[in-house]
Amino acid sequence: MSTTIKNSEIIDKVRRLMYVLIGIITIIVLLFLYMGYLHNKYAFETIEKEEKKIASKIYENTFNDFIKKYESIAENILLDNNVLQALKNSDRKALLDITLPIYKNLNKENPFLQVMHFHTKDTVSFLRLHKPEKFGDDLSSIRHMINKVNSTHKKQIGIEVGRYGIYSRVALPIINKKNEFLGVLEFGININYILDVFGKKYDFHPILLIEKKLFTIIYKGYEGVAYSSYSDGYYAIDSQSENEREKSCNNSITFKVTDLKSATNDNIGQILFTKDMTLYMNLKNTTRNLSIISALIMVFIALYIIRIILKRHIHVINEYESRLNIKHRSLLKLSNTDHLTKINNRQAIERYLSKELKRAKRHNVQLSLLMIDIDNFKSINDTFGHNTGDHVIKNIAKIISTTIRDTDYCGRWGGEEFIILCPETSSTNAIVLAEKIREAVHAFNFKIGRDLTCSIGVCEYAEGYDAEMLVGNADSALYSAKNSGKNRVIVYQTP
């Protein structure tokens with residue numbers, strides 16, 4: 001009887017211990033599942049937030065690059081006295097003869113550039129390069145950006161609906177040397193350019209949403225436009241069908257990058273980006289399955305699996321953070337690089353100049369700055385066209401880059417001007433470098449049928465100089481070189 005009681009007590013203790021162990025395992029597994037849920041939720045939210053940030057930055061850079069490029073082209077066109085004279089004389093044929101080849105080249109380079117349009121100062125169409133046969137129509141009731149340029153004589157940038165689609169537009173006032181306002185020159189790039197850029201270059205899938213009423217007005221009768229109903233208020237212009245988009249929704253995130261607003265702040269639509277998250281979804285499912293399996297094994301093995309999976313999560317986050325850092329560095333490099341020459345842009349040179357000036361002041365070391373300008377560059381653009389001008393600028397950038405030292409900085413200051421920053425260099429040694437560059441430019445075959453030269457101004461840092469003074473003095477020396485016959489190097493002399 002006593003033995004039976006003892007055995008019963010042992011069985012009860014063992015049973016209670018088993019219950020305790022089962023309870024401990026259950027609690028650990030539940031805690032692990034909850035921790036896994038929180039970790040996946042945090043990781044997914046972090047990834048989604050960073051993807052949105054990257055997409056918005058890329059969209060902003062793409063839009064700004066377009067604006068800068070075509071604003072520069074428009075400014076160069078409006079430097080042509082023949083263009084201004086044709087506008088002043090209302091000579092449409094002369095203006096067409098001058099500008100149609102330019103438009104054709106630009107459209108060939110980027111087929112999404114579909115609008116090049118001259119307007120009168122009354123917002124009447126003077127010349128559509130994309131539809132030369134159509135002119136003389138009053139656009140004042142629909143082209144608010146052009147109205148604003150005409151009233152303020154200032155450039156306007158934005159998105160606006162026209163008779164043939166939605167365009168990102170840049171519109172510049174046309175003012176001749178006598179300060180006479182002649183009208184407006186406008187460039188427009190089809191909004192589908194964004195879809196094309198992101199579809200080809202980045203791992204985002206873009207979707208353009210347009211209000212249904214507006215879509216019906218713009219695209220009525222257009223058979224080549226692929227679209228589907230996105231919601232009650234929008235149609236989606238998207239390479240994916242509605243069924244394909246529904247299938248991909250479970251493994252992707254979709255977020256708004258920007259609202260599309262007109263010049264009068266009316267709603268046009270939105271641009272959305274879709275990001276495939278299959279990799280992270282699969283990881284989440286794997287974690288869940290491993291957690292369920294871990295419930296069937298002993299507590300120590302469960303703890304070991306928890307540790308392994310947590311390490312895997314950390315590795316994935318670290319790997320993704322590494323990818324984000326790479327993308328960030330790529331964006332930083334893009335923001336500091338001149339799009340034409342692939343050398344430093346003005347923003348980067350200004351930063352290097354600030355850094356080297358501080359070092360020169362603190363350590364009392366020498367610092368010289370060279371400012372270079374291509375001689376008679378305007379005549380090259382006028383004679384051979386802007387593509388040849390770009391070819392010249394790119395080759396001179398290569399000459400400079402291969403001539404300077406590894407410790408020097410070079411960059412495009414603007415237009416046909418370049419700056420070289422030479423740390424720990426006297427003006428004497430800077431002159432030697434400047435002469436090498438000048439001779440190399442003169443000797444180089446640019447394949448334009450004539451020699452090309454450059455003028456260079458040199459200035460050495462002196463006590464009390466700031467960045468503006470150093471650049472200004474080098475520019476003053478460059479001005480002297482230009483006035484002294486060009487194709488020469490002149491050093492700034494303190495008055």
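A cavity is a set of grid points where a 1.4 Å probe fits but cannot get out, and its lining residues have an atom within 4 Å of a point. The model shown here is predicted.

Rolling a probe the size of a water molecule over the atoms shows where empty space is left. In this structure, a search of the whole finds two cavities of 30 Å³ or more. The second largest cavity holds about 50 Å³ of space. Its lining is made up of Thr62, Phe63, Phe66, Ser168, Ile189, Asn190, Ile191, Tyr193 and Ile194. Three elements, α1 (2–77), β5 (181–190) and α5 (192–201), each give two or more residues to this lining. Of these, α1 gives the most, with three residues.

Strands of a sheet pair through backbone hydrogen bonds, either parallel or antiparallel. Here, five strands form an open sheet in the order β7-β8-β6-β10-β9, and the pairing is antiparallel. At the edges lie β7 (227–229) and β9 (252–261), each of which pairs on one side only. From one strand to the next, the twist averages 30°.

Strand β6 (residues 205–211) pairs with strand β10 (residues 267–276) in the antiparallel sense, over six bridges. Which residue of β10 is the bridge partner of Leu209? That partner is Gln270.

Technical notes. Residues numbered from 1 in each chain as written. Predicted model: local features only at pLDDT ≥ 70, side-chain atom pairs only at ≥ 80, totals over all residues. Heavy atoms only, no water. 1 Å grid on protein atoms, 1.4 Å probe; cavity = no way out; pocket = protein on both sides within 12 Å on 5 of 7 lines; lining within 4 Å. Points joined across faces, edges and corners; volume = space filled by probe spheres on them. Helix = DSSP H or I, 4+ residues; strand = E, 2+ residues; numbered from the N terminus. Pairing = 2+ DSSP bridges. Axes fitted to C-alpha atoms, helices over the stretch in contact; angles between N-to-C directions.
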